[in-house]
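Please look over the protein below before reading on.

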Amino acid sequence: MKTFDSKISKILIISDTHQQSYDSIDIEIKKQIINSDLVVHCGDITSEDVIKGITENSKNSIIVHGNSDPQNIRENIPDKILFQINKFIFGVIHPFWGGPPPVDYDLILEQFEEIKPNFIFFGHTHDAHIEEYKGTTFINPGQGYSEFIIPTSFCIFEISDSSISINIKKILR
């Protein structure tokens, strides 16, 4: 499990960007990538160029693969990750076997049986929401692109010694 020091205070959580180039990522998300201490991508990146853009423009990054990622990405990026900041344990996963909402949180928790996270960041459903279940806070940042009437969204997770703030942001254009 990767451990970050307390200098990590702003985490950008994104998922399901489904873009073939980093240039295609929404400008607001790219600004957040630069201004965050840690960028977490919860899968369905779909291109090496997007991975390269995130890793080159972020201070720190954690990326898991999703079901829409090509084989070369699935072979080189894990399907789940645990990490720690201060006393908090975080899990990251793209639960493609879970289907559309409602989310089966028990199935996701089973993937982290060895250590139960305080927070789980996940993608796949494209449904931006925050929900607490069995003592774990589940955060889905939604989809990282606009489609039809569904806006691009992301989540800002801010952590300090005394507080946590979790906000989903939607980009309405």
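Strand S5 (residues 80-85) is joined to S6 by six bridges, and the two strands run antiparallel. Two strands pair if DSSP finds at least two bridges between them. Strands (E, at least two residues) and helices (H or I, at least four residues) are DSSP runs, numbered from the N terminus. Gln 84 stands opposite Ile 89 in S6. The hairpin of S5 and S6 has two residues between the strands, and Asn 86 takes a positive phi near 55 degrees there.

This is a predicted model: local features need pLDDT of at least 70, side-chain atom pairs count only at pLDDT 80 or more, and totals for chains, interfaces and linings use all residues. Residues are numbered from 1 along each chain as its sequence is written, and side-chain values use heavy atoms, with hydrogens and water left out.

## Strand S6 and its cover

How many residues of strand S6 (residues 88-93) are buried? Six of its six residues are buried, where buried means under 20% relative accessible area, exposed over 50%, and partly exposed in between (1.4 Å probe, protein chains only). In a regular strand the side chains alternate between the two faces of the sheet. Phe 88, Phe 90 and Val 92 are buried on one side of S6, and Ile 89, Gly 91 and Ile 93 are buried on the other.

S6 also pairs with strand S7 (residues 119-122), in the parallel sense, over four bridges. Here Ile 93 stands opposite Phe 122 in S7.

## The five-stranded sheet

An open sheet of mixed pairing is formed by five strands in the order S4-S3-S2-S10-S11. Its edge strands, S4 (61-63) and S11 (164-171), each pair on one side only. On average, neighbouring strands of this sheet are turned by 15 degrees against each other, direction ignored.

Strand S10 (residues 152-159) and S11 run antiparallel and are joined by eight bridges. Thr 152 stands opposite Ile 171 in S11.

## Helix H2

Helix H2 (residues 48-57) contains Lys 52. Lys 52 counts as partly exposed because its relative accessibility is 49%. The C-alpha atoms of Lys 52 and Ser 68 are separated by 17 Å, and these residues are 16 apart along the chain.

## Leu 107

Leu 107 has its place in helix H4 (residues 105-110). Is Leu 107 buried or partly exposed? With a relative accessible area of 31%, Leu 107 is partly exposed.

How values were computed:
Axes fitted to C-alpha atoms, helices over the stretch in contact; angles between N-to-C directions.
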